[in-house]
Amino acid sequence: MAEIRVIALPTETAKKVLETKSSPGYGHPAHTEIARGHGPCRHCLRPFRVGEEKRTLFTCNPFYRLAPVPAPGPVFIHAELCQRFDEESGYPAELVPYPVVLDGYDGEQRLVTERRAAAGDQEGVIARIFEDASIRYVLVRDGEAGCFDFRVERMEVS
Ligand SMILES: [Zn+2]
(Lines give C-alpha, C1' and ligand atoms only; values in the text may rest on other atoms or scores of the structure.)
Protein backbone atom coordinates (compact mmCIF):
# COMPACT_ATOMS: atom_id res chain seq x y z
CA MET A 1 0.00 0.00 0.00
CA ALA A 2 1.28 3.44 -0.95
CA GLU A 3 2.57 5.60 1.84
CA ILE A 4 0.55 8.78 1.85
CA ARG A 5 0.97 12.31 3.10
CA VAL A 6 -2.26 13.90 4.31
CA ILE A 7 -2.31 17.66 3.84
CA ALA A 8 -4.79 19.64 5.88
CA LEU A 9 -5.42 23.37 5.69
CA PRO A 10 -2.24 25.28 6.69
CA THR A 11 -2.29 26.70 10.23
CA GLU A 12 -1.39 30.10 8.78
CA THR A 13 -4.66 30.09 6.80
CA ALA A 14 -6.77 28.90 9.75
CA LYS A 15 -5.30 31.68 11.92
CA LYS A 16 -5.98 34.29 9.25
CA VAL A 17 -9.63 33.21 8.97
CA LEU A 18 -10.18 33.31 12.74
CA GLU A 19 -8.37 36.63 13.20
CA THR A 20 -9.92 38.53 10.29
CA LYS A 21 -13.30 36.74 10.33
CA SER A 22 -13.16 36.67 6.56
CA SER A 23 -12.08 34.31 3.75
CA PRO A 24 -8.41 34.79 2.79
CA GLY A 25 -8.12 35.97 -0.80
CA TYR A 26 -11.88 36.45 -1.18
CA GLY A 27 -12.94 38.73 1.67
CA HIS A 28 -16.33 37.06 2.12
CA PRO A 29 -17.36 37.26 5.78
CA ALA A 30 -16.62 34.05 7.69
CA HIS A 31 -19.63 32.74 9.58
CA THR A 32 -19.43 31.04 12.99
CA GLU A 33 -22.17 28.79 14.36
CA ILE A 34 -22.76 25.67 16.43
CA ALA A 35 -21.95 22.63 14.29
CA ARG A 36 -25.00 21.16 12.59
CA GLY A 37 -23.04 18.53 10.66
CA HIS A 38 -20.03 16.30 11.23
CA GLY A 39 -17.75 18.49 9.13
CA PRO A 40 -14.87 17.69 9.34
CA CYS A 41 -12.68 20.56 10.51
CA ARG A 42 -10.25 21.08 7.59
CA HIS A 43 -7.39 21.93 9.97
CA CYS A 44 -7.40 19.09 12.54
CA LEU A 45 -9.41 16.70 10.27
CA ARG A 46 -11.68 15.63 13.11
CA PRO A 47 -15.48 15.50 12.84
CA PHE A 48 -17.37 18.20 14.73
CA ARG A 49 -19.41 17.26 17.78
CA VAL A 50 -22.83 18.23 16.43
CA GLY A 51 -24.73 20.67 18.64
CA GLU A 52 -21.67 21.23 20.87
CA GLU A 53 -18.67 22.62 19.02
CA LYS A 54 -18.53 25.95 17.20
CA ARG A 55 -17.38 25.95 13.61
CA THR A 56 -16.41 28.75 11.25
CA LEU A 57 -17.48 28.65 7.61
CA PHE A 58 -15.39 30.36 4.94
CA THR A 59 -14.48 30.17 1.25
CA CYS A 60 -11.40 28.09 0.43
CA ASN A 61 -9.57 27.37 -2.82
CA PRO A 62 -8.12 23.83 -2.62
CA PHE A 63 -5.71 24.62 -5.48
CA TYR A 64 -4.11 27.57 -3.66
CA ARG A 65 -0.34 27.55 -4.38
CA LEU A 66 -0.85 24.20 -6.15
CA ALA A 67 -2.42 24.86 -9.56
CA PRO A 68 -3.45 27.93 -11.55
CA VAL A 69 -7.24 27.64 -11.75
CA PRO A 70 -9.03 28.22 -8.42
CA ALA A 71 -12.07 26.19 -7.38
CA PRO A 72 -13.43 28.09 -4.36
CA GLY A 73 -15.91 26.32 -2.13
CA PRO A 74 -17.31 26.36 1.39
CA VAL A 75 -15.33 24.69 4.20
CA PHE A 76 -15.46 24.61 8.01
CA ILE A 77 -12.81 24.83 10.71
CA HIS A 78 -13.06 24.87 14.50
CA ALA A 79 -13.90 28.39 15.73
CA GLU A 80 -11.11 28.01 18.31
CA LEU A 81 -7.70 27.36 16.76
CA CYS A 82 -7.03 23.60 16.94
CA GLN A 83 -3.98 21.40 16.35
CA ARG A 84 -3.29 20.80 12.64
CA PHE A 85 -3.47 17.17 11.51
CA ASP A 86 -0.02 15.56 11.37
CA GLU A 87 0.75 14.95 7.68
CA GLU A 88 2.45 11.62 8.34
CA SER A 89 -0.35 9.99 10.36
CA GLY A 90 -1.97 8.23 7.42
CA TYR A 91 -5.66 8.51 6.55
CA PRO A 92 -7.45 10.34 9.41
CA ALA A 93 -8.85 7.56 11.63
CA GLU A 94 -11.85 9.61 12.72
CA LEU A 95 -12.90 10.15 9.09
CA VAL A 96 -12.86 6.48 8.08
CA PRO A 97 -16.64 6.11 8.77
CA TYR A 98 -17.45 8.68 6.06
CA PRO A 99 -17.61 7.79 2.33
CA VAL A 100 -15.68 10.12 0.03
CA VAL A 101 -15.09 11.05 -3.58
CA LEU A 102 -11.41 10.92 -4.57
CA ASP A 103 -10.24 13.13 -7.42
CA GLY A 104 -6.80 12.28 -8.87
CA TYR A 105 -5.08 15.18 -10.67
CA ASP A 106 -1.94 15.28 -12.81
CA GLY A 107 0.68 18.04 -12.75
CA GLU A 108 -1.33 20.10 -15.25
CA GLN A 109 -4.42 20.25 -13.00
CA ARG A 110 -6.22 17.74 -15.24
CA LEU A 111 -8.68 15.44 -13.50
CA VAL A 112 -7.36 11.97 -14.44
CA THR A 113 -9.69 9.86 -12.33
CA GLU A 114 -12.60 10.29 -9.93
CA ARG A 115 -13.53 7.39 -7.67
CA ARG A 116 -15.85 6.77 -4.78
CA ALA A 117 -14.62 5.09 -1.62
CA ALA A 118 -16.94 3.58 0.98
CA ALA A 119 -16.25 3.69 4.72
CA GLY A 120 -13.02 1.80 5.37
CA ASP A 121 -11.96 1.57 1.70
CA GLN A 122 -10.38 5.03 1.43
CA GLU A 123 -6.73 4.05 1.83
CA GLY A 124 -7.03 1.14 -0.59
CA VAL A 125 -8.67 3.26 -3.27
CA ILE A 126 -6.05 6.01 -2.81
CA ALA A 127 -3.27 3.43 -3.21
CA ARG A 128 -4.82 2.20 -6.47
CA ILE A 129 -5.16 5.77 -7.77
CA PHE A 130 -1.45 6.39 -7.07
CA GLU A 131 -0.53 3.33 -9.15
CA ASP A 132 -1.00 5.72 -12.10
CA ALA A 133 2.33 7.57 -12.19
CA SER A 134 0.78 10.61 -13.90
CA ILE A 135 -1.24 11.44 -10.79
CA ARG A 136 0.41 14.01 -8.53
CA TYR A 137 -2.21 14.49 -5.82
CA VAL A 138 -5.69 13.45 -4.78
CA LEU A 139 -8.35 15.84 -3.52
CA VAL A 140 -10.61 14.17 -0.99
CA ARG A 141 -14.21 15.38 -1.05
CA ASP A 142 -17.23 14.59 1.07
CA GLY A 143 -19.18 11.72 -0.50
CA GLU A 144 -22.54 13.45 -0.05
CA ALA A 145 -21.98 17.22 0.07
CA GLY A 146 -19.07 17.10 -2.40
CA CYS A 147 -17.10 19.73 -0.47
CA PHE A 148 -13.30 19.63 -0.38
CA ASP A 149 -11.91 17.98 2.78
CA PHE A 150 -8.13 17.65 2.33
CA ARG A 151 -5.35 16.71 -0.11
CA VAL A 152 -3.31 13.52 -0.30
CA GLU A 153 0.13 13.13 -1.91
CA ARG A 154 2.62 10.31 -2.11
CA MET A 155 5.12 10.23 0.70
CA GLU A 156 8.44 11.25 -0.87
CA VAL A 157 11.05 8.56 -0.42
CA SER A 158 14.38 10.07 0.59
ZN1 LIG B 1 -10.18 21.56 14.13
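Me: Where is K21 found?
Reply: K21 sits in the loop between α1 and β2, where helices (H or I, at least four residues) and strands (E, at least two) are DSSP runs numbered from the N terminus. A quick word on the source: this is a predicted model, where local features need pLDDT of at least 70 and side-chain atom pairs 80 or more, while totals for chains, interfaces and linings use all residues. Residues are numbered from 1 along each chain as its sequence is written, and side-chain values use heavy atoms, with hydrogens and water left out.

Me: Why is K21 called exposed?
Reply: Exposed means over 50% relative accessible area, buried means under 20%, and partly exposed is in between (1.4 Å probe, protein chains only). K21 has 56%, so it counts as exposed.

Me: What makes the backbone at K21 and R65 worth a look?
Reply: Most residues other than glycine have a negative phi. K21 has a positive phi of about 55° although it is not a glycine, and R65, also not a glycine, has a phi near 60°. R65 belongs to the loop between β3 and β4; with 68% relative accessibility, R65 is exposed.

Me: Which peptide bond is cis?
Reply: The bond joining G39 and P40, with omega at about 5°. Most peptide bonds are trans. P40 itself is in the loop between β2 and β3.

Me: What are the protein donors of the zinc ion?
Reply: C41 (SG), C44 (SG), H78 (ND1) and C82 (SG), at 2.0 to 2.3 Å from the zinc ion. A donor is an N, O or S atom within 2.8 Å of the metal (3.2 Å for Na, K and Ca), and water is not among the atoms, so a site may look incomplete. Along the chain, the spacing of these donors reads C-x2-C-x33-H-x3-C. C44 is in the loop between β2 (31-34) and β3 (54-60) and H78 is in β4 (residues 73-78), so this pair ties together parts 34 residues apart in sequence.

Me: Why is the zinc arrangement called tetrahedral?
Reply: Four donors get that name if all angles lie between 85 and 135 degrees. Here the angles are 102 to 119°, so the arrangement qualifies as tetrahedral.

Me: Are C44, H78 and C82 buried or partly exposed, and which is which?
Reply: C44 is buried at 7%, and H78 is buried at 11%. C82 has 21%, so it counts as partly exposed. C82 lies in the loop between β4 and β5 and touches C41, H43 and C44, leaving aside residues up to four places away in sequence; contact means heavy atoms within 4.5 Å.

Me: How do you know that the buried residues of α1 line one face?
Reply: The buried residues of α1 (residues 11-20) are T13, A14, V17 and L18. Seen down the axis, they fall within an arc of 130°, so they line one face. The arc is that of the directions from the helix axis to the C-beta atoms. What covers them includes β3 and β4.

Me: Why is one side of β1 and of β6 left without a neighbour in the sheet?
Reply: The open sheet has five strands in the order β1-β8-β7-β5-β6, with antiparallel pairing. β1 (4-7) and β6 (111-117) stand at the edges with a single partner strand each, so one side of each has no neighbour in the sheet. Pairing takes at least two DSSP bridges between two strands, and β5 (residues 100-106) has six to β6.

Me: What makes α2 mostly covered?
Reply: Six of its eight residues are buried: Q122, G124, V125, I126, A127 and I129. Their cover includes β1, β5, β6, β7 and β8.

Methods: Tetrahedral: all angles 85-135°; square planar, octahedral: opposite > 155°, others 65-115°.
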